[in-house]
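I opened my notebook to look at a structure slowly, one piece at a time. Come along and check each entry against the picture.

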Number of protein chains: 2
Amino acid sequence: MSGKQVPLVVIRRLPRYHRYLGELLNNKIYRVSSTELSEKMGVTASQIRQDLNCFGGFGQQGYGYNVEMLYDSITKILGLNNGYKTIIIGAGNLGKALANYGGFSKRGFELCGIFDTDENVVGEEVAGITVKDYTELSDFIKHEKPDIAILAVPKTAVTEVADEVVQNGVKALWNFAYVDLDLPGDVLVENVHLSDSLMTLSYKMNKYGE
Amino acid sequence: MSGKQVPLVVIRRLPRYHRYLGELLNNKIYRVSSTELSEKMGVTASQIRQDLNCFGGFGQQGYGYNVEMLYDSITKILGLNNGYKTIIIGAGNLGKALANYGGFSKRGFELCGIFDTDENVVGEEVAGITVKDYTELSDFIKHEKPDIAILAVPKTAVTEVADEVVQNGVKALWNFAYVDLDLPGDVLVENVHLSDSLMTLSYKMNKYGE
């Protein structure tokens, strides 16, 4: 079940399946039909069957889906059972918001360090972790080997910060600065460009308001 | 130039064009070939020509693109010249990060109010604006008529908050809570589900690490 041939558009829907199935489990619902799941998710039942068939399918005729089994399978496909260790660079409002966001630890990501250059912030406690000085970053990475670096630094600093974490061996970046990073091919980057999302909303408003 | 027949995938690329062209203007570059633009953006020159042709095309053979004209046209297509008024609900770390993000005002969005229920936060100054009590929200919306409400509230509160702003006439929501909102069809919603993005990164790590 490597998921190698799974289209990206299906992959992008998996987190949503994961979220809904998690809610069902929270509500102690252990069995769900594709029709019920489709109503909850607002996609067609046939799409759900098609999507889940990409992974070998987990449904049984006349029974529906075993929620726990499906949830666990998607957890594995998404790699959420790997306990990826993360660090946050930048302990401004955004870094703090990300550190305090309960959804990450719930999904198996372990925050092990927060770094900043600002001496007013270094030493502060955020989400139970003491913010370290940025000069300690290289040693920390070499020692703790985090899997993911979350970049919550200003645009002007992000290229330098990305180079530093990558040189020290981090292979996956989650980047919130509004810059497309130019990095070695084996480094995975997921960009969150918030302005792009706001501009898409603005486009729709402009178009629908015509 | 309504852009009505423009595919969504092209629309999603427009904010990036807008960003790059803005950078060129900042560097006082007023003319650019599709080849130069393609190198900077990492897409093919033919894709750029195709994309921009959707809007009638702005290039001239042997001259390239007039950066300012192209920038202004994309600004209009994206509705960034409308000066949309925004409010932020929730003045926690995320709300503060969004309020302080310079990129929004630079793109023509005007922040006119911030609201919270927490009496420790109400009265605080954020990005030059005093945080108001949530109980003042309805009156404020009726009076100021903001175009966009940014929802930076916890998951447990977001349904109620969304209903309240929509009932008072706001037609566009930018939602950061990890909940798919169920709203009237004439309300535009753009969701930013941060966990989904992190899970996509995790999926790629899991896959590439196989």
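Below are my entries, from the overall view down to single residues.

**Entry 1: Getting my bearings**

I noted before anything else that this is a predicted model. I then looked up the make-up of chain A, and found nine helices and 11 strands. The C-alpha trace of chain A spans about 60 × 50 × 35 Å along its principal axes. I also looked up burial: of the 210 residues in chain A, 36% are buried. For contacts in chain A between residues at least 6 apart in sequence, I found that 55% join residues at least 24 apart.

**Entry 2: The sheet of chain A**

In which order do the six strands of the open sheet in chain A stand? I read the order as β8-β5-β4-β9-β10-β11, with parallel pairing. I followed the sheet out to its edge strands, β8 (132–133) and β11 of chain A, and each of them pairs on one side only.

Next I zoomed in on one pair. β10(A) and β11(A) run in the parallel sense and are joined over four bridges. To find my place there, I used A172(A), which stands opposite L188(A) in β11(A).

Helix α7 (residues 137–144) of chain A does, and it touches β4 (85–89), β5 (110–116) and β8 of chain A. The direction of α7 makes about 165 degrees with that of β5(A). Helix α8 (residues 155–167) of chain A packs on the sheet as well, touching β4, β9 (148–151) and β10 of chain A. For α8 I wrote down an angle of about 170 degrees with the direction of β9(A).

**Entry 3: The sheet of chain B**

I turned to chain B and found six strands in an open sheet, in the order β8-β5-β4-β9-β10-β11 and with parallel pairing. Why is one side of β8 and of β11 in chain B left without a neighbour in the sheet? These two strands, β8 (132–133) and β11 (188–191), stand at the edges with a single partner strand each, so there is no neighbour on one side.

**Entry 4: How the two chains are related**

The same surface serves both copies, as 100% of the contact residues of chain A recur in chain B.

**Entry 5: Where the chains touch**

The contact takes 48 residues from chain A and 49 residues from chain B. On the chain A side, I listed the elements that give two or more residues: α1 (8–26), α5 (93–100), α6 (102–106), β10 (172–175), β11 (188–191) and α9 (194–208). The largest share of that side comes from α9(A), with 15 residues. Sorted by class, the side of chain A that touches chain B has 23 nonpolar, 14 polar and 11 charged residues.

**Entry 6: A helix with two faces**

I picked helix α3 (residues 45–53) of chain B and found I48(B), D51(B) and L52(B) buried. They cover an arc of only 90 degrees around the axis, which puts them on the same side of α3(B). An α-helix has 3.6 residues a turn, so residues three or four places apart point the same way. On the face turned away from the buried side of α3(B), I found the exposed residues S46(B) and N53(B).

**Entry 7: Two lysines with positive phi**

K28(A) lies in the loop between α1 and β1 (31–32) of chain A. Its phi is near 60 degrees, a positive value in a residue other than glycine. Is K28(A) buried or exposed? K28(A) counts as exposed because it has 7 C-beta neighbours inside 10 Å.

In chain B I looked up K145(B), in the loop between α7 and β9. K145(B) is not a glycine, yet its phi is positive, at about 50 degrees. With 12 C-beta neighbours inside 10 Å, K145(B) counts as exposed, since the cut-off for that is 12 or fewer.

Notes: Residues numbered from 1 in each chain as written. Chains lettered and ligands numbered in written order. Predicted model: local features only at pLDDT ≥ 70, side-chain atom pairs only at ≥ 80, totals over all residues. Pairing = 2+ DSSP bridges. Contact = placed C-beta atoms within 7 Å. Buried ≥ 20, exposed ≤ 12 C-beta atoms within 10 Å, placed from the backbone. Arc of directions from axis to C-beta. Nonpolar A, V, L, I, M, F, W, Y, C, P; charged D, E, K, R; others polar. Axes fitted to C-alpha atoms, helices over the stretch in contact; angles between N-to-C directions.
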